[in-house]
Amino acid sequence: MNDVDALAVRSSGDRVPIGLAQVWRGTADTQPTGPALIHDGTVISWQALARRIDSVAAVLHEAGIRNGDVVAITLGNRPEHLITLAGCLLAGAAPICVDPWELFCRTLDSLSPGAIVFDAVYADDLAPVQAASPASRVWLCADLDAPSWSVPWPTSETALGRGAEDVAPEGTTLFRLSHGDPPGHGTIYRWNAGDFAQHLARRPPWWPLHAAVQPEGGGERLLVADRLLDGGIQNRALETLCGGGTVITTSRSPRELWDVAAESGATSMAVTGSQLESLHLEALAARQDVADLQRLRTILTCGSLCPPSSKEQLLQRLPAARVVDVFDTAEGVRLAYSIATTAHIPPSGVFRLTEHARVVGPDAKPVRPWAEGRLATVPPYPVGIGTAGSLPAHRLIDGGGEIWLSAGETVRGTESGEIVLKAVPPSAPAVSDLPAAEAIFTTLVAHPHVLEAGVVELPHAALGSVFGVLVVLDQDGTVADVTASAHNALPEHLQPRLILRVPKLPTTYDGKFSISRARSMLRDAASLERPDTVRRPLQSNRDRVWGHLVRLAEDEQVLLTEVLGALMATPDLERRVAKVLGYPDWPMPLTLLPQLDPQLAKAHPDLDSYLTFWETAATDVLVAVDHYGWPYTDRDGPHVSDAVWLLLQHCDLHNDAREDVLFTVTQAVALGRADPRHLALLQDRTRSLTKEEQLFGTFMLRRDSAPHFLYPAPPQAELDRMRARIGLPSVASDLSRSDVPLVPCDTLRRRTGAAPRVPELESPSAHAWRVLPSGSAPVYLCGPAELRQELRELRAALPQPLLSTARWLDRSPGLCAASQFDAGPAADKALARARLDDIRQSRLMIVLEDDRTDALTRAEAGAALATGVPVIRVGESGDPLDDYPAVTAVPDAAAALEAAREWASR
C-alpha cells in the first residue's frame, strides 16, 4: 500500500478520495512512523501528521466552520502551512493561501473568510484587520505565543469527532489564488476538493526517482526552496505528500539551502526558475565540495523560465542530477514538463505534454505537427471562478463528449510529441499594463548601456504604488548611471524607486515578461543586499533591541550637540556646510554631507565622529523596525517610540529604505498606539529629500504670527485635511509651538515609575566663540522669540562701544546648518549652550519684554544675575525682577539704549 499507485486516483474512478487529508491518512495507516514533514531538523511522522490535521480540523469545526466556508491561510514555509491546508479540507472548508499583503489591504473582504490562520510575527499588523472583520469567526495563530484575540495552535491531538463520510465531495471546494498584477487583483479559482486531490495524486511523469538514492523507507524527499505560497511550489509539495514522500522546509536563508539539502538527505528540490538562476546557482558555485549532495537528483523548477545556460551551469556541478521544468497553469493544472540532463538540455520553451494535456485547433480537433494550436486540459480542472462564478465560456472547448479547458497558450506540436511555446516578439516591452510603466520602459531602453529592461508596479503604504525596474546591462553599464539618467529624464512621480541589475529578465514559459516574479525579485532585493554581518533580531529580543536603540538615540544626541556647537563656534565652517546643503533655498539635513561633499564631512573631528556614527546606526534602526514594526507607545514606552523616531528621522542616506517602513508607522497611528507627529515628520522629511512638497506641513516656523514653511506645502486647508486624517492638530493650533525648531517628543521620557537619570554637570562649552574687539562693551540681548525683529532693530541701534553677543538672533533653521529643524533635543541643547557662553562673555544684558515673555527669557535673566551681569529690563514697572539691585527698569527701547550708553561710559 505504500506504492504511490495505491493512493493515486485513477481516471477509471475505482476510488475517489474526498480530499488531500484522506489521501495522507491512507499513507499514515501504511507507514505511520515514516517521516512526512521535516523542518529545521525536527521530524513529524505520518502518524503525527494525521493527528495534527485532525486537531486543526477540530478547532475549525468547533468555531462553526462548515462546508464551503472560506479559510484564509497566510503562513510561511513551515509544517503548519500544509497541516492547515489538509485540516481545512477535512473540516469541509475552502482554503485559500494568500500573502499577508492581501489581508493588510483588505482585498479578500468580498470572500468574508470565516477563519484566518496566520503567523504570530504578523500579530501586530493584523490586529486592526481582526477588529474590523466580524465575519471571521476564528483567528488561528500557528504559534503558541498567540495574541489574546486569537486561538493558539492546538497542542493536544483532538479528533474531529465525525467520519470522513460525513463530508460530501460535491459540497467541498478548494480555492486557489492566482496572484495578479498589481497585488490583490488576482483571480480566485474554485476547485472541487476531490478533483484537486485526484489531479495531484496522479503519479507525476518525471517519477520514479533513481532507486539508488532513495532514503530508507523509500519515497521522495523534497526540499522546498522557494515560497510555499507560490502555486507551482505548493503543487510540488502536495504531489510529494500524495506519493508518500517527505517535504522538507527551513527557516534558513536562501544561500544556505544547498547545505540544508545535504544535511536532510533531500532527493529533490522545488524552486522557481528565476530564483534558481539569480540566487541558488551563485550559492552552489561558492561551495567547495558537492560530494554531500549525491542524493539530490532532481531539481524541479516552476513559475518562470530557467534558461538552458543556467541548467548547464547547475549540471556541471551536479552531473548525476536532472533539471525538470514543470509548466503549471495559473489554475494549478500540470500541463507539460521538460527534463534536462548532462546528455541533453532541451531548448527554451520545448516541453513534453502530460497525459491530460491536448493541443487543439479552432475546431477542437488535434493539430498536425508544427501547426499552431491552443493548449488545453481534460478534466479535472477548476469548476469556476470566485465563490459562485463559472468558468468563462470562451475557455471551454467541446472535445467530442468531453469538455476541455483552454490554458490560453499558443503552441506548436512536433512529430516527436513535444510542444514548442510560441515566443513573444523581441520588440514587445516588458512592462506592467500601465501607460506610466511604458513611459519608464521607453526612457530606460534608450540608455546606451541598457540591453533589456522590465518595469513593474510595487505597492506602497503612503503613496499607493511606486515603480521598480529590472535591467540587463552591457559590461560597461552601471546601475548608478542608469539611475541618474532616469532621474534626469523622468518627472518625479515616474522615477523608479528601485533599479536592480539582473543577468536576464524573468520570463514565463511562452517568453513573456514575468511581472509577478519580477516583483518578488525586487521585494527580495533589499534583504538580499543587507550585509551578512547584520543579524536580524529575534522575537524574544525585542525589549533588548529597543533598549539598544534608546541608547543609540542618546549617543546620537550627544554627538550631534557637539557638532552643532562646533558649527556655531566656527562661522566659516558653518557657511561652507550650509552652502553644500543648499541653504537657504532647499536645506538638506546634515547627515547627507558625506554624499554631497565627502571631504567637507571630515573637516572637523566632531563632524567626522557624528557622520561615522551613522555608518552603522542606520542599519540597526532600519533592520529593527523592519523586523518588529513600529514600537507602540502603550506597550513599549513613549521613550522607545521617541528614540526610534529620532534615529529614523536622521536615516537620510537610506531614504528609500526609510520610506519602506512608513507603512508600519501608519498602522500604529491608525491604531492610536503611536504619535501622529512622528509619522508626519518622517513623511515630510522623506519627501523633502526628493524635492517634493510637504504633506503635513510639519517643517513650519512662526514668523510674524503666521506660518513660514521651510519647504513648499499645499494650501492650509489641504494641510489641515491631511493632518486631521492622522489626528494631528491644525496648522493654526500648531503655530504656537513653532517658534523654534520643533521637538516632537518629550525628551528623555521614561517608563512610569522608572527613576530619572541625573545628568552629569557640564563644563562650559569647549567651542569658544570669536575674540571680542579690543575696547568693546559686550551686551547680551534677551527676549521672547516673537520679539526677534525688535531685538535686531535694538542691536542695530547700539552705539559704540556696545557690541551684541546674542548669536541666537541670527539662528534660523532656514538659514543656518547648525539649527537643523529636525535635529531633535540636540539643537536646543547646542543653542542653550551657545546662549550661556554668550551671557558669560557679556558685561550687560538688555531684556525686552511684553505680555508674551516666556520662561526662557526669565531663565537667561537669572543666569546673568547669577554671574554678576547687570540687567536692563524694558517693560512695565512693578515686575518682581525689578526688586534685584542689579536690575534697572526702563519703559522703552530708547530709554534702554540711553541707560546702556551711560553704563558703557562708566
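**A helix pair and an open parallel sheet**

In this predicted model, Phe196, Leu200 and Ala201 of helix α7 make contact with Asn235, Leu238, Glu239 and Cys242 of helix α8. By residue type, this contact divides into five nonpolar, one polar and one charged. Helix α7 covers residues 193-201 and helix α8 covers residues 231-242; their axes come within 8 Å and cross at roughly 80°. Because angles of 65 to 115 degrees count as roughly perpendicular, α7 is described as roughly perpendicular to α8.

Five strands form an open sheet in the order β29-β28-β30-β31-β32, and their pairing is parallel. The edge positions belong to β29 (802-804) and β32 (887-890); each has a single partner strand, so one side of each is left without a neighbour in the sheet. On average, and with direction ignored, neighbouring strands are turned by 25° against each other.

Within this sheet, strand β30 (residues 844-848) runs parallel to strand β31 (residues 871-874), and four bridges join the two. For leucine 848, the bridge partner in β31 is valine 874.

Helices also pack on the sheet. Helix α26 (residues 788-796) touches β28 (777-782), β29 and β30, and its direction makes about 165° with that of β28. Helix α28 (residues 855-866) packs on the sheet too, with contacts to β28, β30, β31 and β32; here the helix direction makes about 160° with that of β30.

How values were computed. Residues are numbered from 1 along each chain as its sequence is written. This is a predicted model: local features need pLDDT of at least 70, side-chain atom pairs count only at pLDDT 80 or more; totals for chains, interfaces and linings use all residues. Side-chain values use heavy atoms; hydrogens and water are left out. Axes are lines fitted to C-alpha atoms, for helices over the stretch in contact, and angles run from 0 to 180 degrees between N-to-C directions. Angles under 35 degrees count as roughly parallel, over 145 as roughly antiparallel, 65 to 115 as roughly perpendicular and the rest as oblique. Contact means heavy atoms within 4.5 Å. Ala, Val, Leu, Ile, Met, Phe, Trp, Tyr, Cys and Pro count as nonpolar, Asp, Glu, Lys and Arg as charged, and the others, Gly among them, as polar. Two strands pair if DSSP finds at least two bridges between them.
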